[in-house]
Every structure is written in structure tokens, then in C-alpha cells.
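Student: I have a protein model open and want to learn how to read it. Can we go through it in short turns?

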Amino acid sequence: MPVSNSVDREVTRASATDGDAGGRESTDELPINELFYSLQGEGTLAGVPSVFVRTSGCNLRCWFCDSYHTSWEPTHAWLDLEAILEEIESYEQAEHVVLTGGEPMIHEGCVDLLEALDERGYHTTVETNGTISRDAPIDLASISPKLESSTPTPERDPRSEIPEESRSDERRPTGAANQGEGEWAERHENDRIDLEALTDLVESYEFQLKFVVTDEEDMPEILELLADLRDAASVPIRDDDVLLMPEGATRERLEETRARVAQLAMDHGFRYTPRLHVDLWNDAPET
Ligand code: SF4
């Protein structure tokens with residue numbers, strides 16, 4: 001199983017309606033939801049031992065979010081960069097660091113952290129939804145643009161993927177579906193694609209474009225977005241840079257989606273990426 005060090009943290013919950021992680025923002029500290037050592041589960045570096053720094057807070061609300069406690073119900077401890085670096089360095093065998101979320105790029109402090117990691121010789125991957133670009137030393141931008149099928153609706157209740165014991169009903173007395181419908185559906189739909197930010201990311205960094213796919217109905221939107229991005233960007237975007245990843249944060253759900261997504265990858269000449277951490281540890285936290 002993956003491991004994490006225990007640090008003395010005052011864990012707080014920010015408002016679930018915040019796009020950030022609770023309004024306390026400076027460049028020398030970050031809201032950390034999890035920091036742990038595991039295997040990269042997705043993308044071209046799947047299987048590589050890595051330290052994961054999961055920041056809290058996201059500007060989107062995908063109904064299937066597999067890091068529910070960084071988006072719908074952000075939970076975190078504020079750690080300064082020194083404490084974060086100290087914990088990363090405690091995993092002496094690790095050469096790769098994955099900065100993930102939530103959406104890590106909403107935090108200005110991620111730039112300072114990436115610079116410090118670069119100085120120490122780490123390979124850094126940033127897992128981002130592609131709506132924000134920042135100037136930082138990033139070795140791999142792992143960009144996951146969110147499709148229309150990610151938008152929360154009354155029929156797509158984000159809690160359906162969350163274990164009962166992990167939910168906090170007191171905070172959401174009207175239920176997640178109502179929250180998604182009333183408060184976040186429109187905002188999510190408006191903000192989920194930013195062609196300018198996507199173009200800047202693919203032009204600035206080595207990248208992979210990782211799409212969460214439920215079924216073939218997602219493909220026309222992927223192909224249209226790729227055509228727009230290829231028109232806008234000054235760098236080539238090869239089919240090999242495009243990864244299709246089955247939707248599902250549990251083994252049970254992946255059983256339903258993985259075979260048809262693998263077939264779609266073959267049909268279109270794109271890569272298929274597994275979700276190795278789900279195969280190995282299902283939906284356990286810190287994996
Ligand atoms: S962009 Fe990522 S972290 Fe944000 S809600 Fe969607 S899946 Fe969750």
C-alpha cells in the first residue's frame with residue numbers, strides 16, 4: 001500500500017461553494033489535502049514511484065470527481081513550503097513528484113513549490129484540468145480537459161461514487177444533486193474549457209492530453225477540441241499525445257467502462273491509459 005508520513009496539521013474544511021480553498025492564500029503556503037508516496041497510476045508515467053502532493057480547491061465540479069474532498073467538499077491543512085519539501089524529501093527513494101488536486105494551478109504558491117523541486121532535481125508532473133496556465137518549471141503537464149459529460153446535473157449525483165462514510169451531509173442539507181444543479185452546473189459548464197490556457201500549456205511544456213471517457217458519445221467533443229487546439233497551437237499535437245482514460249473511481253465502475261474505452265482508443269489511434277491505482281487499491285485514500 002502507499003504510505004504517508006504523519007505531520008502535525010490543523011485540518012480545516014473550506015466552503016464547498018468556494019472556487020479556491022477557503023480564501024486564505026499566500027505564495028509561501030498551500031492547502032494540502034494529502035501528501036503520500038505511491039505509484040503514478042495514470043498516463044505515460046504509469047507505474048513510476050512518485051510522491052503525490054494533493055492540493056485542495058478546484059475551480060470546477062465534475063460529477064465524477066475522484067478527489068471529492070478537494071472539490072465538492074474541500075478539506076486541507078495549510079502547510080508552508082518548507083514543511084511540504086521536508087515531507088517530500090522524507091521519501092528518499094522518490095525522484096518524481098506529482099502535483100495534483102483539486103486544481104493545483106489555482107494556487108500561486110504552486111510556482112514557488114515547483115521552482116524549489118526543480119532546484120532539488122525532482123522530475124515534476126502537474127495534473128491540471130487545463131483552465132489555468134502559469135510560468136513554472138514543469139517537466140510534464142498532464143492536462144485533462146473536462147468534457148460535457150463531466151458537468152453535474154440532477155441525474156449525475158457526485159455522491160454516487162463516494163463511500164457513505166466519507167460524505168458530510170450536514171454541510172449539504174439539500175443534497176449534492178441540488179447543489180450541482182443550482183450552483184455549479186452553469187459555472188462548471190462555462191469554465192471547463194479555456195482554449196487560450198490549453199494552447200499556452202501545450203506550447204510551454206512537454207504534455208499529455210488525458211481525457212476521461214465514459215463512452216463513444218464523448219468522442220465527437222474530443223475530436224472537435226483537438227481540431228481547435230491543433231489550429232491554435234504552434235506545436236504539433238500527435239495522436240500519441242492523446243490518452244483516453246476510462247471514467248470510474250472504483251474497480252466496479254472501471255469494469256463497466258475500461259473495455260469500451262480501450263476499443264475507442266484503438267478505433268481512433270489514441271493511447272489508452274489505465275488507472276493503475278484503482279486496479280491495485282480500489283478507491284482507498286492516498287493512492
Ligand atoms: S477538475 Fe479534477 S479535481 Fe476538479 S472537480 Fe474535476 S475531476 Fe475533480
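Student: How many salt bridges does the count come to?

Tutor: This is a predicted model, where local features need pLDDT of at least 70 and side-chain atom pairs count only at pLDDT 80 or more, while totals for chains, interfaces and linings use all residues. Residues are numbered from 1 along each chain as its sequence is written, and side-chain values use heavy atoms, with hydrogens and water left out. A salt bridge is a side-chain nitrogen of Lys or Arg within 4 Å of a carboxyl oxygen of Asp or Glu. By this rule the count is 15.

Student: Which residue forms a salt bridge with Arg54?

Tutor: Look in strand 2 (residues 29-39), as Arg54 itself is in strand 3 (residues 49-55). Helices (H or I, at least four residues) and strands (E, at least two) are DSSP runs, numbered from the N terminus. The two residues are 20 apart, so the pair links distant parts of the chain. The closest N and O atoms are 2.7 Å apart, and the partner is Glu34.

Student: What is the state of Glu255, which pairs with Arg258, by relative accessibility?

Tutor: The closest N and O atoms of this salt bridge are 2.9 Å apart. Both residues sit in helix 6 (residues 251-268), three residues apart, so about one helical turn separates them. Arg258 has a relative accessible area of 24%, so Arg258 is partly exposed. Glu255 has 57%, so Glu255 is exposed.

Student: What share of the residues in the protein chain is buried?

Tutor: The chain has seven helices and 10 strands. Its accessible surface comes to about 12,400 Å², and 43% of that belongs to carbon and sulfur atoms. Such areas come from the Shrake-Rupley method with a 1.4 Å probe; for residues, only the protein chains shown count as cover. Of the 287 residues, the buried share is 54%.

Student: Which elements give two or more residues to the negative patch?

Tutor: Patches use residues with over 30% relative accessible area and no salt bridge; like charges are joined within 9 Å, and nonpolar side chains (Val, Leu, Ile, Met, Phe, Trp, Tyr) within 5 Å. Asp and Glu count as negative, Lys and Arg as positive, with His and the chain ends not counted; a charge is placed at NZ of Lys, CZ of Arg, CG of Asp or CD of Glu. The patch on the surface holds Glu115, Asp118, Glu119, Asp135, Glu196, Asp200 and Glu203. The elements are helix 2 (109-119) and helix 4 (195-204).

Student: Is Thr199 buried or exposed?

Tutor: Thr199 lies in helix 4. Contact means heavy atoms within 4.5 Å. Leaving out residues up to four places away in sequence, Thr199 touches Leu229, Ala232 and Ala233. Its relative accessibility is 10%, so Thr199 is buried.

Student: Which strands and helix do the buried residues of helix 2 pack against?

Tutor: Those buried residues are Gly109, Cys110, Val111, Leu113, Leu114, Ala116 and Leu117. Asp118 is also in helix 2, but at 42% relative accessibility Asp118 counts as partly exposed. The buried residues pack against strand 2, strand 3, helix 1 (81-89), strand 5 (96-100) and strand 6 (123-128).

How values were computed. Buried < 20%, exposed > 50% of the residue type's maximum accessible area, 1.4 Å probe, protein only.
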